[in-house]
Amino acid sequence: MRFPLQAALFALCSLCIVSASPAWATSDDEDRPARGSSYAASSGASSYGWASSSVLNEARRYIGTNPTGRRSLWCAAFMDMVLRQTGHKGGGALATGYLSYGPRVHHPVVGALAISTRKGGGHVGVVSGVDAAGNPIIVSGNFNNTVAEAAIPRSSVLAYVLPGN
């Protein structure tokens, strides 16, 4: 018979082991990460010599603000600023320009840029995770005229790219 503390520790350790190993959503879709996972460990992102957390952490510093001073169409300008501040090459002021910015990955990798469509144009942000429905969560500028972290429909994503050097 286990003591309550031992049972709790066992459950916690089991959770850590499961969350640290890559898990797949379904057997017929091996290219999709499990819902709720970050998919960073098995993505190959580290083979590009890139640290996923620097771009994401820098973007999160501005949540609730508009550091660009622009009044409209500033998601790409925000991403350009964040990339430059973290030592990466800038990507310009057009969201769709990021489609050819860096190496593509097929999944929402934490720290990768997500380029998506929206009514009237495009949008770009940095991936911070995946929600329970499989939609990427991004930190982006010009989300209701502020920097915000929110899920976007995965069907709207055109590409995921890794930040360039």
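**Notebook: rings, strands and cores**

I began with charges over rings. Lys-89 lies over the face of Tyr-101, 5.1 Å from the ring centre. My criterion was NZ of Lys or CZ of Arg within 6 Å of the ring centre and within 35 degrees of the ring normal.

A note on the source: this is a predicted model, where local features need pLDDT of at least 70 and side-chain atom pairs count only at pLDDT 80 or more, while totals for chains, interfaces and linings use all residues. Residues are numbered from 1 along each chain as its sequence is written, and side-chain values use heavy atoms, with hydrogens and water left out.

**Aromatic pairs**

I searched the whole structure and found 3 aromatic pairs. Rings of Phe, Tyr and Trp (its six-membered ring) pair if their centres lie within 6.5 Å; planes under 30 degrees apart are stacked, over 60 edge-to-face, the rest tilted. Tyr-62 and Phe-78 make an edge-to-face pair, with 6.0 Å between centres and 85° between planes. This pair links distant parts of the chain, 16 residues apart: Tyr-62 sits in the loop between α2 (52-60) and α3 (75-85), and Phe-78 in helix α3. Helices (H or I, at least four residues) and strands (E, at least two) are DSSP runs, numbered from the N terminus.

Trp-74 and Phe-78 are also edge-to-face, at 6.4 Å centre to centre and 90° between the planes.

Tyr-62 counts as buried because its relative accessibility is 15%. Phe-78 is buried at 0%. Trp-74 is buried at 0% too.

**Helix α3 and the cores**

Next I checked α3. This helix is mostly covered, with 9 of its 11 residues buried. Among them are Cys-75, Phe-78, Met-79, Asp-80 and Leu-83. Just after α3, Gly-87 takes a positive phi of about 85°.

I then looked for nonpolar cores: sets of buried Ala, Val, Leu, Ile, Met, Phe, Trp, Tyr and Cys residues joined through side-chain atoms within 4.5 Å. The largest has 23 residues, and Phe-78, Met-79, Leu-83, Tyr-98, Leu-113, Val-124 and Val-126 have the most contacts inside it. Which element gives the largest share of this core? It is α3, with 7 residues. Each of α2, α3, β2 and β3 supplies at least two residues of this core. Another core, of 10 residues, lies apart from it and includes Ala-112, Ala-114, Val-127 and Tyr-160.

I listed the contacts of Tyr-98 (heavy atoms within 4.5 Å). Leaving aside neighbours within four places in sequence, its partners include Met-79, Leu-83, Leu-113, Ile-115, Val-124 and Val-161.

**Strands**

I counted two strands as paired if DSSP finds at least two bridges between them. Strand β2 (residues 113-118) and strand β3 (residues 121-130) pair antiparallel over 6 bridges. Thr-117 stands opposite Gly-122 in β3. The hairpin of β2 and β3 has 2 residues between the strands, and Gly-120 there takes a positive phi near 90°.

β2 also runs antiparallel to strand β6 (residues 157-161), joined by 4 bridges. Here Leu-113 faces Val-161 in β6.

Last, I checked Gly-111, in the loop between β1 (104-105) and β2. Gly-111 is buried, with a relative accessible area of 0%. Its C-alpha lies 6.4 Å from that of Ser-128, 17 residues apart along the chain.

Note on methods. Buried < 20%, exposed > 50% of the residue type's maximum accessible area, 1.4 Å probe, protein only.
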